[in-house]
Amino acid sequence: METTQSARIALIEDDEIVRQATTQWLQLAGFDVVEFGLGNEAFDVIQHQAFDAIISDVRLPDIDGIMLLEKLIDSGVSAPVLIITGHGDVDMAVKALHLGAFDFIEKPFQPDRLSSRVSQAVEQFRAQTSTQLRGEYLASLSGLEKVLVGQSEVMKRLREQVARIALIDTNVIIYGETGCGKELVANSLHKGSGRKSHQFVPINCGAIPENLFESELFGHEAGAFTGAAKKRIGKLEYADKGTLFLDEIESMPAAMQVKVLRSLQENTVERVGGNKQINIDLRVVAAAKEDLREHPEFRQDLYYRLNVAQIYIPPLRERGEDILTLFEHFAKESNRNARSVSDADKKAMMSYGWPGNVRELRNVATRFALDNTMSVLEILSNRPVASSEPNSTGVPLAVQLHNFERKVLEEALTRHQGRINDVMQELDLPRRTLNQKMQKFGLNRSDFTDP
Ligand SMILES: Nc1ncnc2c1ncn2[C@@H]1O[C@H](COP(=O)(O)OP(=O)(O)OP(=O)(O)O)[C@@H](O)[C@H]1O
Ligand SMILES: [Mg+2]
């Protein structure tokens with residue numbers, strides 16, 4: 001890889017044999033390696049010299065790799081850090097990623113996997129710091145404010161991440177619950193990239209019947225099978241020089257995973273019934289609702305190919321006041337003269353769990369804007385409990401519990417026509433707790449009393 005040549009890497013590993021072997025591998029891959037046996041010794045040097053990436057073992061004699069990572073971040077070192085963890089040490093790995101490690105590598109590792117992760121880290125780091133890209137980055141960031149609406153810290157960070165990753169031509173996995181904006185982010189990545197003048201091609205892997213998958217992705221030659229009268233270009237070929245968006249990638253059939261991986265490795269496609277290798281140049285953005293590593297049917301090698309950069313979109317309920325900002329945005333979009341929202345409605349929206357996320361909010365806002373007789377609270381109360389979305393899988397337990405609890409309270413209040421003492425007795429709840437819960441769910445006694 002051209003760009004990562006002469007990259008300077010700090011390697012921190014106390015086991016001399018492992019250290020020497022790793023150094024040799026990295027040097028063969030074209031890196032300059034500076035070796036350290038102790039964490040603190042490395043820290044002193046790294047603080048004062050420039051490195052393009054840092055690789056550290058977790059277990060070191062003087063300080064553990066996680067503490068070293070924290071120290072480096074606190075002292076303003078911005079080079080990517082890759083942590084080497086013991087096999088199966090998931091907690092440690094998660095902690096490292098949380099603190100801001102670029103990635104973790106599990107022992108024992110394939111040397112070429114380490115060097116390819118290091119290349120990717122270096123490439124991302126350099127792209128981020130190059131001044132030429134800085135201008136493009138800032139321009140695309142300001143454009144994103146109108147597309148990915150929201151002023152919460154998590155949304156600001158998301159926009160920064162999208163603007164930055166858009167500029168690096170790498171594969172990406174986007175994680176997020178249903179309706180939280182995965183496709184919108186994927187599209188923004190395309191529009192902010194050098195591929196924007198070519199196609200953005202979305203494929204919903206969960207919606208294509210298994211027997212049609214291959215032809216859909218790879219296309220076919222005329223007469224390849226019964227019913228294939230004409231030649232057809234597949235989605236991979238169609239996305240050439242552009243971006244391929246593999247939505248719900250966790251539902252891709254196993255046989256297709258193998259074929260897609262091969263296409264991505266070799267940058268070619270072969271149409272069904274054809275024997276010609278057609279060159280393609282793709283950037284793949286994938287979306288998933290669950291962690292693909294926890295998915296036994298998902299191929300690890302395909303996962304690593306796609307997981308060069310990762311974007312996590314937080315659920316709507318974690319975005320605070322953005323709920324109200326987005327509501328207003330969507331309401332105004334449907335009706336320029338939409339009413340303003342009452343305080344009770346604001347409270348209800350802030351305490352609701354939004355299992356269907358932004359899509360659900362958009363639907364509620366549209367109804368509110370077009371029907372002057374309904375309050376938000378009424379619209380929300382008339383909705384099915386878990387989610388009105390076609391797909392309610394992926395709704396976290398906490399949200400389902402939240403909605404269930406709200407429903408139980410609502411039903412009891414209806415049954416007793418708002419008589420608090422009776423509800424307290426039936427549900428065996430102290431008055432204080434009942435009050436707090438009603439407040440939390442935006443339930444008013446007066447809404448249940450007979451007029
Ligand atoms: N931050 C945002 N600002 C404005 N609109 C948004 C935002 N996030 C999502 N939307 C809108 O919400 C709707 C749902 O978003 P999108 O389709 O991208 O979600 P998704 O995560 O792909 O959903 P699914 O999991 O169901 O495929 C779309 O209409 C999208 O334009
Ligand atoms: Mg989607």
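**A first look around**

Analyst: Let's start at Pro-108, which is found in the loop between E5 and H5. Helices (H or I, at least four residues) and strands (E, at least two) are DSSP runs, numbered from the N terminus. This is a predicted model, where local features need pLDDT of at least 70 and side-chain atom pairs count only at pLDDT 80 or more, while totals for chains, interfaces and linings use all residues. Residues are numbered from 1 along each chain as its sequence is written, chains are lettered from A and ligands numbered from 1 in the order in which they are written, and side-chain values use heavy atoms, leaving out hydrogens and water.

User: Okay, what kind of peptide bond joins Lys-107 and Pro-108?

Analyst: A cis one, with omega at about -10 degrees.

User: Which residue forms a salt bridge with Lys-107?

Analyst: That is Asp-57, with the closest N and O atoms 3.4 Å apart. A salt bridge here is a side-chain nitrogen of Lys or Arg within 4 Å of a carboxyl oxygen of Asp or Glu. The pair links distant parts of the chain, 50 residues apart: Asp-57 is in strand E3 (residues 53–57), and Lys-107 is in the loop between strand E5 (103–106) and helix H5 (111–129).

User: Is Asp-57 buried or exposed?

Analyst: Buried, at 4% relative accessible area, whereas Lys-107 is partly exposed at 29%. Buried means under 20% relative accessible area, exposed over 50%, and partly exposed in between (1.4 Å probe, protein chains only).

User: How many salt bridges does the count come to?

Analyst: The count comes to 23 salt bridges. Among them, Glu-411 and Lys-407 meet at 3.7 Å, N to O. Both lie in helix H17 (residues 397–415), 4 residues apart, about one turn of the helix. There is also a network of salt bridges that links Asp-169, Arg-195 and Asp-281.

User: Switching topic: how many residues surround ligand 1?

Analyst: There are 19, and the closest are Val-149, Gly-179, Lys-182, Leu-184 and Arg-362. To be near the ligand, a residue needs a heavy atom within 4 Å of it. By class, the shell has 9 nonpolar, 3 polar and 7 charged residues. Ala, Val, Leu, Ile, Met, Phe, Trp, Tyr, Cys and Pro count as nonpolar, Asp, Glu, Lys and Arg as charged, and the others, Gly among them, as polar.

User: Which residue has a polar backbone atom 3.0 Å from a nitrogen atom of ligand 1?

Analyst: Val-149 does. For oxygen atoms of ligand 1, a backbone N or O atom of Gly-179 lies 3.0 Å from one, and a backbone N or O atom of Glu-183 lies 3.1 Å from one. The protein covers 85% of the 640 Å² of accessible area that ligand 1 has on its own, using the Shrake-Rupley method with a 1.4 Å probe.

User: Why does ligand 1 lie between domain 2 and domain 3?

Analyst: Because domain 2 (131–210 + 233–263 + 278–314) and domain 3 (320–447) both give residues to its shell. Those bounds come from an automatic or database domain assignment.

User: Last one: what is phi of Asn-357 near?

Analyst: It is near 55 degrees, a positive value in a residue other than glycine. Asn-357 is found in helix H15 and is buried, at 0% relative accessible area. Asp-428 has a positive phi too, near 50 degrees, but Asp-428 is exposed at 65% relative accessibility.

How values were computed: A polar contact is a pair of N or O atoms within 3.5 Å; within protein, one must be able to donate a hydrogen and the other to accept it, and residues adjacent in sequence count only if both atoms are side-chain atoms.
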